[in-house]
Structure formats: C-alpha cells, structure tokens
Amino acid sequence: MPPASELRVAIIGNPNTGKTTLFNALTGLRQRVGNFAGVTVDRVEGAFKGPDGRRIVVLDLPGSYSLSAGSPDEQIALDVLQRRDADRWTPQVVLVVVDAVHLERNLFLTGQVLELGVPVVIALNQFDVAQTEGIQIDVPELIHELGVPIVPTVAKRGEGIEPLKQALLTAATLPAPMRRFTLPEPVQTALAPVEACLTANGFAGSTAAMEALRVLGVERTDAHLAEVPGLAGAVKEATAAVQQAGFRPSRLESEVRYAWIAQVVDRTVTRAHAGTNSLSDRIDRIALHRVWGPVLFLLLMAVVFQSVFTWATPLMDGIEALIASAGSAVGSVLPEGDLRSLVVDGVFAGVGSVLVFLPQIAILFTFIGLLEHSGYMARAAFLMDRVMRSVGLHGKSFIPMLSGYACAVPGIMATRTIEDPKDRLATIMVVPLMSCSARLPVYTLLIGAFVPATALLPGLTLQGATMLGMYLLGTVVALLMAAVFKRTLLKGPVRPMILELPPYRWPSLKSLGVSVYQRCALFVKRAGTVILSLSIVLWALATYPRIEPDPTAAPEIQQEQQLEHSILGRIGHGIEPVVRPLGYDWKIGVSIAASFAAREVFVSTMGTIYGVGSEDEAALSERLQQEKDATGRPVYSSLVAVGLMVFYVFALMCISTTAITVREAGGGAIGWKWAGIQFAYMLALAYSAAWLVYAGGRALGFGG
C-alpha cells in the first residue's frame, strides 16, 4: 500500500491523444522505468508534488481504444484499473486523457473507465486545436453529463497543468462515478446472472456490470476471466437470451455506448464549420497518395541518413577534440607503463571511439521522435500495409519495425500492441534486422573511410546513399523473413488492420527533448558499462604476455609484434580461418567476435587494437586505409568494407536484444527456443550475405 501522504494516479487514453506528452508535462524528468511485479511488462512511473505538498505518483498505462485485453500491455492496464492485484499497482484516481478534437471517439474508453469504481479525472487535451478547428465544447455541461472533474489542457505548452493537479487531489475525495446510461430491461435481466457470477468471484459491483456487458457475445476469453468458475456458461446463456430478445450480442456494447455518446456530444459540442477539409486531410492527399506517398517516405529517409553525416560533423569534431585533450592530459601525468597504456590505449581507445558517435545517435533519435510525435509514423504504417500484407502481416507490425531503427529492444516491446500471437512473434523475429543505432558507429566508420563523398543529387552524396542502402537492405530482408516465418513456423491468416490516423501536429519540444535525452543517456550508460568493461579486457588480452621489443624496429612494427604474440593475437589467428573466406583478417575477426556482446564494441575494439584512443576518429579511418597484410596488399578495400557492413546489417550482436526476445516470446524454454532460432538464422544470413558480396565482387573484378 502507498504511504498515506502519497496519491497514486493511473493515466490512460486512446493512442495519439497526447497522453505521454501530458505525462511528461506533469512529471518532467522525474520518471523511472521498471517492471510490474511478477510479469515482464514494463511500466513508466513518475512523480510530482501536488498543490498541497502531497506527493503524487503517476503511472503511464499503454494507449488503448477500449478495455478489451487483446495484448499483454492491455491486460496489465486492465488489471491495474480494476485494482485486482495490489502487488502490481493500485491507483486511487484514474486520469483519462481525451482528445478534444475527437471527443466522440474517445468517450468509448472513457465510458468504460467510469464504471470501474475508481475516482476519475478527465484531461480534455489539445483544447487549442479543437478551438482552431471551430469545435466548441461546453465544459460545464460535459462535467454534468459525465459526473467527474474535467480540465481543458494543452499538454505540449503546459497549459492547464496546475488546475489538473488540483483536480486530481479533489477527485480523491469524491465518490467513484457510475454508469451514465441504462440498458434495456431484457438486457439487464439477461446479464444479471453474469454480474452475480463476477461479483461472487471478487469483482466490484460496477466493475462486474462493465465486464458483463463487455464479454457478451465475445468468443475469446480474457486471461483474467478465463478461470472464473461458471462464467463461460453464464455468458453463453446471457448471449442466447439477449439474442432472443432481438439484440445482436456481439454489437450490443458498441450500440448502447455510442448511442449514449451521441447524446452527450449533441448536448456539449458545436462545430462552427463542420464538413470542411482539415489541414491534415490536405497533407494526406500527398502523404498517402499511392505514388507520391512512398516517394515522400523514401525522401524523408534519405534526408535523415544524409543529415547523420552532414549535421553531426561539427559536434563530432568537438567531441573528438575533447577526448583527444583528455587523453593527452591524463597521459601526460601518468608515468610510462601499463597503467598509462590501460587508461590511454584501453579506456580512451575503447569508450572514446564510441562516444564520438553520440551526435549521430542523437540526430537519428530526434528524427524518429519527430516522425512519431508529428503523426507521420502512423501514415508510414498505412503506406506499408499493402507490402506487409503480402508477407502475411499488416501495417501495424511496421511500427515496431520502424522503432527498431532506433533500438531493437523498444521495437520488440512495441509488438505488444499486436493482438494476434503469431503476428506478434513473427514481428519479434524480424525487428532486429532493422538497422538500429548501435550499427551506426560501424557504418559511419567504414563509409567515412572507404566510400567517397561524391555528390549524386543536390543534398545527397554517395556516403548518404550507402547509409540509406544499408537501412533499406535490412528492411527488405526483414519483410522477406517475415514472409518465411508466416508461411512456415507461424502460419496463420492475415488479419485486417484497424489504425487511427492522428491529425498532424507540431511536436512538443519538451517531450521530444525528454525522449531524445533518455535514449542518448541509455547509449552513454552502455558505453560506460559494457563497452568500458570489454575495452579493459581487450586491452589486457592485447598487452599480455609481454615480449621483448626489437630495438631496431619502428614503433609501429614493435606494436604489431606485441599484438601478434598477445593472447588477443593468438585468439585472432584461431578465428581467422573462419572469417578469411569473407576477406577479413584476424583483427577484423577478433573485433567481430568481441562485438557479439554489443555491436558498438567493433569500433572500440578497433580503437584498442590500433591504439588510437587519444586521437580523433579520423585517425582510426586513416589506420584502416593504411593497413597492409604480410604480402603488402591493403587489408581493407571498398569491397571488404561493404561486405563487413552487410555482415552487421544481418548479424544479431546484442545481448540486450536476445534477453528481450526471450521474455517477449514467452519466457522460459519457449522464449529461449525462439531467441535461439533468431540468433542462428541471422548469423547464417550475415555470413552468407557477406560471402556473396566478397566473392561476387572479386568475380566481377572489383578486387579484394
């Protein structure tokens, strides 16, 4: 139980209502991500101080159109709202975020929440947009109709936040609202045994009434109702009675709720210029066009990946200079020896060579955040629906795949919104093929070193096109592998996609900033833990055992001799026969092996091997360009670089992704089985594709 001085508030709403923006406006950066007790579903929790000094803890529940528990996220949300599991989270007030522009659509979920027996506050969000579009809402009358406090808000500008905080405190002292409409007499009589069955098994009276109406005529039984004794028989009898009375059981809830909603909207909403095309409609004539829509999508992607090179350069130069200065300063005060080598060649060579890519990561996250917050991400899913259906999925699966551009972990977690278990699992299996931000340092290093910045089009160079090509390659193969899974291990029908297209809106800079900050902080944390640890281990492996240097040899030759005879060198030469068919030497083999923990480790390993931690990133590129094998031939070429990038497009090199696949695919032995299949097929793809690039390139005369 929460402390007496603490107020717990659960926040819920339809997708695209600005719920997360409002959550950020209430809590700022005072948020934490954890798991519900006993389950693998994440929760985002924040806190703030109320007007009376009381601590208010807010839980951000997944966006939902109704309380039908069709996915793990929705099941947890329903458990929380019905307050059945005190170990997970018990709200004292529910905050429902409603889009003022689409009030009628949002009131379906609101009506269900009003029947849960918990005090409710409604945030009438995007109130300014409604007024701009000529929609006038009589808020006092709406309060009278719904019987709960209602506060108009503009979350992205922070308007209405203080009155909303006060309303939450006030609502905690008010009785819980009840159902606002009356069912026909025959329906009430038919549902009475169902309500009695639920009440006898621990459901509160109002919640039992809501559940009884919701499950009427529904074939699928939600997890929290599956084991209620006698419920299935009671529902079956009620369904027959309702049908005999002349009603359609499967449509009854929708019909009675929307009839009530129509009455509420008729009494509270007026439209000054109904029927006119909105700005979103006019933009969608191009954005959703059969021809120009996909062209616009590709152009946007090209801008994103070209900007990763052009816009990030000044910031990367600044970080490189800072790392170089820090390395030189630390190196100058440490005595010559292993400690100095560890700090300069281990820590700075490893972590520093990855941190330099932080500006590019931030730019990528910013663009993805803009697409999400502006409303365009849903359009991308709509555009891709036809393609996705051809591989056995639907457009909703493309949203987790797009999220995979940033990181496979949240992308896999986003599959929880997919109702069909086979579709969800098929999407999980292919999300890691989308080129995530961890691949960006590898792409950038190799493209910068071996792909010329030749202009192809105004604003687009060969480097940007190559980057776009790597992302498109992963996307295309992800679709092909989804088709394979849906036609073999996960065969099933293609279900229709129901997706709301939100209106276009300017993203909240604060909310976008919080999102980018959190993702970048996670990247830095990984660089400061996983990569730092591996860099120290790799330094030790490359340093010991010590050999007597040849006093007549140049420093570079001495370093090469030490590396050859070190533990790392011996491991590398053991790996070399496996990677030699791909055109790689033992140093690349070692770097690939090390990066199975995390892809970014490839760059940090290269920095450790070549000892360029205290120099800028360009120094590592120069060392790669100058590297020669025993015969004097260049180790790296454009062909080897492209093959190496293709290997990283496909290979699953991320412990975190494997862990999240295990838990999201079912946990235990089942989860490990699917994670093993995922790892194996991606590694086979990576090796085969890299070999085809190298062998095919040589056969065509491109050299090796």
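Reader: In β6, which residue is the bridge partner of Val97?

Author: Ala123 in β6 is the bridge partner of Val97. Note that this is a predicted model.

Reader: What makes β5 and strand β6 (residues 120–125) a pair?

Author: Pairing needs at least two bridges. β5 and β6 have six, in the parallel sense, so they count as paired.

Reader: How do you know that strand β1 (residues 6–13) and β5 pair?

Author: By the same cut-off of at least two bridges. β1 and β5 share five bridges, and the sense is parallel. One of the partners in β5 is Leu95, which bridges to Ile11.

Reader: Why is strand β5 (residues 93–99) called largely enclosed?

Author: Buried means under 20% relative accessible area. Seven of the seven residues of β5 are buried, so the rest of the structure largely encloses this strand. Val93, Leu95, Val97 and Asp99 point one way, and Val94, Val96 and Val98 point the other way. All of them are buried.

Reader: Why does Cys436 count as buried?

Author: Its relative accessibility is 4%. The cut-off is under 20%, so Cys436 is buried.

Reader: What about Cys654, buried or exposed?

Author: Cys654 has a relative accessible area of 6%, so it is buried too. The structure holds zero disulfides.

Reader: Why are α8 and α10 called oblique?

Author: The axes of helix α8 (residues 205–215) and helix α10 (residues 249–268) cross at roughly 120°. Roughly perpendicular ends at 115 degrees, and roughly antiparallel starts over 145. The two helices are therefore oblique to each other. Their axes come within 7 Å.

Reader: Which residues of α8 meet α10?

Author: Met210, Leu213 and Arg214 meet Leu252, Glu253, Val256 and Arg257 in α10. By class, this contact has four nonpolar, no polar and three charged residues.

How values were computed
Residues are numbered from 1 along each chain as its sequence is written. This is a predicted model: local features need pLDDT of at least 70, side-chain atom pairs count only at pLDDT 80 or more; totals for chains, interfaces and linings use all residues. Side-chain values use heavy atoms; hydrogens and water are left out. Axes are lines fitted to C-alpha atoms, for helices over the stretch in contact, and angles run from 0 to 180 degrees between N-to-C directions. Helices (H or I, at least four residues) and strands (E, at least two) are DSSP runs, numbered from the N terminus. Angles under 35 degrees count as roughly parallel, over 145 as roughly antiparallel, 65 to 115 as roughly perpendicular and the rest as oblique. Contact means heavy atoms within 4.5 Å. Ala, Val, Leu, Ile, Met, Phe, Trp, Tyr, Cys and Pro count as nonpolar, Asp, Glu, Lys and Arg as charged, and the others, Gly among them, as polar. A disulfide is a pair of cysteine sulfur atoms within 2.5 Å. Buried means under 20% relative accessible area, exposed over 50%, partly exposed in between (1.4 Å probe, protein chains only).
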